[in-house]
Amino acid sequence: MSCRRSLSILLLSITFYNCAVSTLVFTHEPTNQVVVVGRPFVWDCTAADTENDGAAVDIRWKLGNGYLDDNHPRIHRLANGSLYFSPVQSEDIANYTCVVSLRGRSDSAVESSPAFLRIAYIDPIERSPVPQNVSEGLTVYFTCLSGPSLPLATLHWEKDGTNFTGGQAYETQGFGGNKTSGTLQIDNTDGRHAGQYVCVAVNPMLPQQPERSQPATLVVEASPTPTNETA
């Protein structure tokens, strides 16, 4: 074999090596997450080599477009590659990318899809129920609209400071994007239903921070008692 042909084969082999497709696949790829400020959070990322079971895999993380500093005071890369926030702070809101590669093979690196870290929150009630005066036997409807919430809030109702279950409650999540609208229906009202009603919005990740509406007073007026007239 000539030296020129040998050199051509060597160059071709180097080209194929450099253009080799990575055999790594994600077994757990990070996805968008909603977290609570002040609490710890672990973001998992794992990968495996489809051609060599048990091959050593290196895992690094990108914050935005650059690699996350290994000396970050709060965000640490654990031994298994997971990202640990101790704890989460509002400035951690950003896109994160998991980068995996075979140990000693930088050409095998594979990046996950960017995953966004978002902070759970709930804003004050936007629309409170309004006071009503009704006659006995009629149906009453109270409505309210939560403020924006991530994740979406659920609603319940209180009467005179305690949970009220004496009516039918309906809610629609995602109203106007990230709000929840609710209606309380009370049929066949009587004097027992009179009182102050409050709509309560609760973010499922922030159950200790409910938002309450302004109270709406319900006045139930007794129907006039018919009288017998004598001639």
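**Strands and charged pairs**

Analyst: Start with β7 and β8: three bridges join them, and they run antiparallel. Two strands count as paired if DSSP finds at least two bridges between them. Strands are DSSP runs of E, at least two residues, and helices are runs of H or I, at least four residues, numbered from the N terminus.

User: Before we go on, what kind of model is this?

Analyst: This is a predicted model: local features need pLDDT of at least 70, side-chain atom pairs count only at pLDDT 80 or more, and totals for chains, interfaces and linings use all residues. Residues are numbered from 1 along each chain as its sequence is written, and side-chain values use heavy atoms, with hydrogens and water left out.

User: Fine. Which residue is the bridge partner of Arg-77 in β8?

Analyst: Leu-83.

User: What is the strand order in that open sheet?

Analyst: The order is β3-β8-β7, three strands with antiparallel pairing. β3 (41-43) and β7 stand at the edges with a single partner strand each, so one side of each has no neighbour in the sheet. Neighbouring strands are turned by 20° against each other on average, direction ignored. Angles here run from 0 to 180 degrees between N-to-C directions, with axes as lines fitted to C-alpha atoms, for helices over the stretch in contact.

User: And the open sheet with β14, what order do its strands take?

Analyst: β14-β19-β18, three strands, antiparallel pairing. The edge strands are β14 (140-145) and β18 (168-175), each pairing on one side only. The twist averages 15° from one strand to the next.

User: How many bridges join β14 to β19?

Analyst: Six, with β19 covering residues 179-186 and the two strands running antiparallel. Within that pair, Tyr-141 has Gln-185 in β19 as its bridge partner.

User: Switching to β22. Which strands does it pair with?

Analyst: Strand β13 (residues 132-135) is joined to β22 by four bridges, running parallel. Ser-135 has Glu-221 as its bridge partner in β22. Strand β20 (residues 195-202) pairs with β22 in the antiparallel sense over three bridges. There, Tyr-197 stands opposite Ala-216.

User: Which side chains of β22 are on the covered face?

Analyst: Ala-216, Leu-218 and Val-220. The uncovered face has Thr-217, Val-219 and Glu-221. In a regular strand the side chains alternate between the two faces of the sheet.

User: Where does Ser-213 sit?

Analyst: In the loop between β21 (211-212) and β22 (216-221).

User: Is Ser-213 buried or exposed?

Analyst: Ser-213 counts as buried because its relative accessibility is 6%. The cut-offs: buried is under 20% relative accessible area, exposed is over 50%, partly exposed is in between (1.4 Å probe, protein chains only).

User: What does Ser-213 contact?

Analyst: Leaving aside neighbours within four places in sequence, Ser-213 contacts Ile-125, Ser-128, Pro-129, Val-198 and Cys-199. Contact means heavy atoms within 4.5 Å. A polar atom of the Ser-213 side chain lies 2.9 Å from the backbone nitrogen of Cys-199.

User: Now the charges. How many salt bridges does the structure hold?

Analyst: 10. A salt bridge is a side-chain nitrogen of Lys or Arg within 4 Å of a carboxyl oxygen of Asp or Glu. One of the pairs is Arg-74 with Asp-92, at 2.8 Å, N to O. That pair links distant parts of the chain, 18 residues apart: Arg-74 is in the loop between β6 (66-67) and β7 (75-77), and Asp-92 is in the loop between β8 (83-85) and β9 (94-102).

User: Are Arg-74 and Asp-92 buried or exposed?

Analyst: Both are buried. Arg-74 and Asp-92 are also linked with Glu-91 in a network of salt bridges.

User: What about Arg-105 and Asp-107, how do their side chains meet?

Analyst: In a salt bridge, 2.8 Å, N to O. Arg-105 counts as partly exposed because its relative accessibility is 27%. Asp-107 is partly exposed too, at 31%.

User: And which residue does Lys-159 form a salt bridge with?

Analyst: Asp-160, with the closest N and O atoms 3.1 Å apart. Lys-159 is buried at 14%, whereas Asp-160 is partly exposed at 48%.

User: Last one. How many helices and strands does the protein have?

Analyst: One helix and 22 strands. Of its 231 residues, 35% count as buried.

Technical notes. A polar contact is a pair of N or O atoms within 3.5 Å; within protein, one must be able to donate a hydrogen and the other to accept it, and residues adjacent in sequence count only if both atoms are side-chain atoms.
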